[in-house]
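Visitor: I have a model open and want to learn how to read it. Can you take me through it feature by feature?

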Amino acid sequence: MTKTILSEETQELLDEVYDAELALEFIEKHGEENFVEYFEQYEKLVDDYGKELVDAYVEIYYTNGIEHFEDAYQGEYRSGAEFAEQIAIDCGHVSNHNASWIEIDWEKTWDNLSYDYTEIDGHIFNNNY
């Protein structure tokens with residue numbers, strides 16, 4: 001690994017972070033400018049949601065999307081179809097009192113919703129934050 005010379009501002013921020021190893025990894029992957037701008041929020045999200053999920057989110061929405069993570073996050077579901085069913089219930093379009101013979105294709109419903117939502121390892125994010 002080559003040694004990088006960091007700006008004074010970055011070095012000061014590095015001295016204040018909780019996890020220096022995570023910070024250095026972030027700088028290496030996303031750059032010093034993004035570290036200064038987004039690392040504090042990134043570190044908080046990693047603590048709250050886990051590094052794997054936050055990194056997967058950043059792969060799709062980039063570092064500037066970090067500030068929208070919590071607004072976009074819809075929760076964890078077994079599948080997109082389960083999310084589709086839950087959102088339909090929450091919006092009042094389906095009730096628990098439907099006749100037992102009614103079948104709804106939640107997979108196709110998820111296909112329709114997947115233009116506005118992204119699923120990352122069972123976690124659903126709204127693309128329209």
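Visitor: Let me start with charge pairs. With which residue does K29 form a salt bridge?

Guide: First, a caution: this is a predicted model. Now the general idea. Side chains of opposite charge can pair when their charged atoms come close. Here K29 pairs with E59, and their closest N and O atoms are 3.6 Å apart. The partners sit in distant parts of the chain: K29 in helix α2 (residues 20–30) and E59 in helix α4 (residues 51–61), 30 residues apart.

Visitor: Is K29 buried or exposed?

Guide: Exposed means over 50% relative accessible area. K29 is at 51%, so it counts as exposed. E59 is at 55%, so it is exposed too.

Visitor: How many salt bridges does the structure hold?

Guide: Six. Another of them joins K44 and E70, with the closest N and O atoms 3.6 Å apart. That pair also links distant parts of the chain: K44 lies in helix α3 (residues 32–49), E70 in helix α5 (residues 69–72), 26 residues apart. Both ends are partly exposed, K44 at 37% relative accessibility and E70 at 35%.

Visitor: Is D55 buried or exposed?

Guide: The cut-off for buried is under 20%. D55 has a relative accessible area of 15%, so it is buried. K51 is at 28%, so it counts as partly exposed.

Visitor: Which residues do salt bridges with shared partners join into one network?

Guide: E25, K51 and D55.

Visitor: Which helix gives the most to the negative patch?

Guide: Helix α1 (residues 8–16), with five residues. E16 lies in this helix. E16 is exposed, because its relative accessible area is 65%.

Visitor: And nonpolar surface? Which residues make the nonpolar patch?

Guide: W101, I102 and I104 make a nonpolar surface patch of about 340 Å². I104 is placed in the loop between α6 (80–90) and α7 (106–113). I104 has 35% relative accessibility, so it counts as partly exposed.

Visitor: Now strands. In which sense do β1 and β3 pair?

Guide: For each strand pair, look at direction and bridges. Strand β1 (residues 73–76) and β3 pair in the antiparallel sense, over three bridges. Strand β2 (residues 117–120) also runs antiparallel to β3, and four bridges join them.

Visitor: Which way do the residues of β3 point?

Guide: Check the two faces of the strand. In β3 (residues 123–126), H123 and F125 point one way, while I124 and N126 point the other way. All four are buried.

Visitor: How many residues lie between the strands in the hairpin of β2 and β3?

Guide: Two. In that hairpin, D121 takes a positive phi near 50°.

Visitor: Why does a positive phi deserve a look?

Guide: D121 is a residue other than glycine with a positive phi. It lies in the loop between β2 and β3. At 56% relative accessibility, D121 counts as exposed.

Visitor: What is the phi of Y62?

Guide: Near 70°, again a positive value in a residue other than glycine. Y62 lies in the loop between α4 and α5. Y62 is exposed, because its relative accessible area is 57%.

How values were computed:
Residues numbered from 1 in each chain as written. Predicted model: local features only at pLDDT ≥ 70, side-chain atom pairs only at ≥ 80, totals over all residues. Heavy atoms only, no water. Buried < 20%, exposed > 50% of the residue type's maximum accessible area, 1.4 Å probe, protein only. Pairing = 2+ DSSP bridges. Patch = residues over 30% accessible without salt bridge, like charges linked within 9 Å, V, L, I, M, F, W, Y side chains within 5 Å. Areas by Shrake-Rupley, 256 points an atom, 1.4 Å probe, with all protein chains shown as cover. Salt bridge = Lys/Arg side-chain N within 4 Å of Asp/Glu carboxyl O.
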